Structures are given as C-alpha cells and as structure tokens.
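Colleague: I have a model open and would like to learn how to read it. Could you take me through the features one at a time?

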Amino acid sequence: MTYKKRGYQEVCIRETVLALEQHKKVGAILPTGAGKTFCFIGIVVDYLAKNPGKSVLVLSHLSLLTVQTGAAFKKFAPHIKTGVFQANQMPPNDCHVYLSTMQSSRVEEKTAWFTNKIESDVGLIIVDECHYLGSDSYDKALGYYPDAKIFGVTATPFRERRIMTSFFDKISFTI
C-alpha cells in the first residue's frame, strides 16, 4: 500500500535520520494521531537500506502496541520482515525488525537466547512511548545492546512531573 507522507512527517523522518548519523540517542515528540508509528517506519526503512546486516528492535510497554506496530509494518512496509519477541513468542532468526515489549526484553535468559539466535546484530532500537524510559526495566532491556543507536518517540515528554527528554542527545523533531 502506498501512503503519502504529510509534510511534517517527511521533516521528522529526514531530521531524525540526520540526527542518528551524529548522535547515539535521538528523540521526537509528536502528538497523538500525528503518525508516530508511520514516522518510525520511515526511519527504519532508511536505516536498514544504509546498514545491511543490521536489524532493528522496536520496544513498547504494551503488547497491544506490538500488535499495532506489526500491522503497520505489514501495511506500509510489507517488504520488511518482522517478528515478535514477547511472552512465549519467538521470532524467526532472519527478520529485519523485531517487535517486543520492554517486559520481555528485560529478561536476561530470554534476551541472551534471542541475541544468540538472530542472524543480525541489533543496530537500532526504537522506543515507542519513550516517556517510560528511565525505569529499571527499560534500562535493563537497553543495556543488552550497548552499541545500538536509540530513537524514542512520544506524545507526552513528561513523566511523574519530570521532563524525560534529558535521556536523549538530541530531540530531532517536535510538533
């Protein structure tokens, strides 16, 4: 399916791609309904084209978001092979994108099995609803991939009355 990007989505993708070339941790803030998932799919497409042999891990805090993200990849980027890594689901070892919850990705034994099984190194981690970053669970999950770049997206950059954007080296886009 072809989808025409909105102007601000094109800017978000372009600015994030440029920021990820220079920074390890990049964030973007877009309101609900602005197409955050569509934007990070565009970023993933660009990343995979420029980094053959690498894969992408998309983390969220809800299994519902993992399902929605998988459906969005099938609709807007069907050429990208995705697999789900959560609960008792294990993905095929040759995916381009792995979809997981933070809860599954923080379990050491499960993550060790996963990283030993997959054919490519995780080079980019997308954190959906990244206002949850900074929790022990996310810290543990991200700690398994110390060399990966991180892109986080949220509509609400505040958590418990604190702004969480200080986690990032750069905020590439805000609308």
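Modeller: Start with the strands. β5 and β6 pair in the parallel sense over five bridges. Within that pairing, valine 127 stands opposite glycine 152 in β6. Keep in mind throughout that this is a predicted model.

Colleague: Which strand pairs with β2, and in what sense?

Modeller: β2 and β5 are also paired, in the parallel sense, over six bridges. Here lysine 54 stands opposite aspartate 121 in β5.

Colleague: Is β5 largely enclosed or largely open?

Modeller: As a general idea, side chains in a regular strand alternate between the two faces of the sheet. In this structure seven of the eight residues of β5 are buried, so the strand is largely enclosed by the rest of the structure.

Colleague: How many helices and strands does the chain have, and what share of its residues is buried?

Modeller: The protein chain has six helices and nine strands. Of its 175 residues, 49% are buried. Among contacts between residues at least 6 apart in sequence, 72% join residues at least 24 apart. The accessible surface comes to about 8700 Å², and carbon and sulfur atoms account for 53% of that.

Colleague: How do I read a nonpolar core, and which residues have the most contacts inside the largest one?

Modeller: The general idea is that nonpolar side chains in soluble globular proteins tend to be buried together. The largest core here has 29 residues, and Val56, Phe73, Val97 and Phe151 have the most contacts inside it. Elements giving two or more residues to this core include α1 (7-22), α2 (36-50), α3 (63-76), β2 (54-60) and β5 (121-128). The most comes from α2, with seven residues.

Colleague: What is phenylalanine 73 in contact with, leaving aside its neighbours within four places in sequence?

Modeller: With those neighbours set aside, the contacts of phenylalanine 73 are Phe40, Ile41, Val44, Pro78, Ile80, Thr82, Val97 and Leu99. There is also a second, separate core of 18 residues, which includes Leu59, Val122, Leu142 and Ile150.

Colleague: Now a helix. Which residues of α6 are buried?

Modeller: The general point is that an α-helix has 3.6 residues a turn, so residues three or four places apart point the same way. In helix α6 (residues 136-143), the buried residues are Ser137, Tyr138, Ala141 and Leu142. Viewed down the axis of α6, they fall within an arc of 125 degrees, so they line one face of the helix.

Colleague: How many salt bridges are there?

Modeller: The test is a side-chain nitrogen of Lys or Arg within 4 Å of a carboxyl oxygen of Asp or Glu. By this rule there are four salt bridges. One of them joins glutamate 21 and lysine 50, whose closest N and O atoms are 3.2 Å apart. Glutamate 21 lies in helix α1 and lysine 50 in helix α2, so the pair ties together parts 29 residues apart in sequence. Lysine 50 is partly exposed, at 44% relative accessible area. Glu21, Asp46 and Lys50 are linked in a network of salt bridges.

Colleague: Where do lysine 81 and aspartate 94 lie?

Modeller: Their side chains meet in a salt bridge, lysine 81 to aspartate 94, at 2.7 Å, N to O. Lysine 81 is in the loop between α3 and β3 (82-85) and aspartate 94 in the loop between β3 and β4, so this pair ties together parts 13 residues apart in sequence. Lysine 81 is partly exposed at 33% relative accessibility, and aspartate 94 is partly exposed at 34%.

Definitions and conventions
Residues are numbered from 1 along each chain as its sequence is written. This is a predicted model: local features need pLDDT of at least 70, side-chain atom pairs count only at pLDDT 80 or more; totals for chains, interfaces and linings use all residues. Side-chain values use heavy atoms; hydrogens and water are left out. A nonpolar core is a set of buried Ala, Val, Leu, Ile, Met, Phe, Trp, Tyr and Cys residues joined through side-chain atoms within 4.5 Å. Buried means under 20% relative accessible area, exposed over 50%, partly exposed in between (1.4 Å probe, protein chains only). Helices (H or I, at least four residues) and strands (E, at least two) are DSSP runs, numbered from the N terminus. Contact means heavy atoms within 4.5 Å. The arc is that of the directions from the helix axis to the C-beta atoms. Accessible areas come from the Shrake-Rupley method with a 1.4 Å probe; for residues, only the protein chains shown count as cover. Two strands pair if DSSP finds at least two bridges between them.
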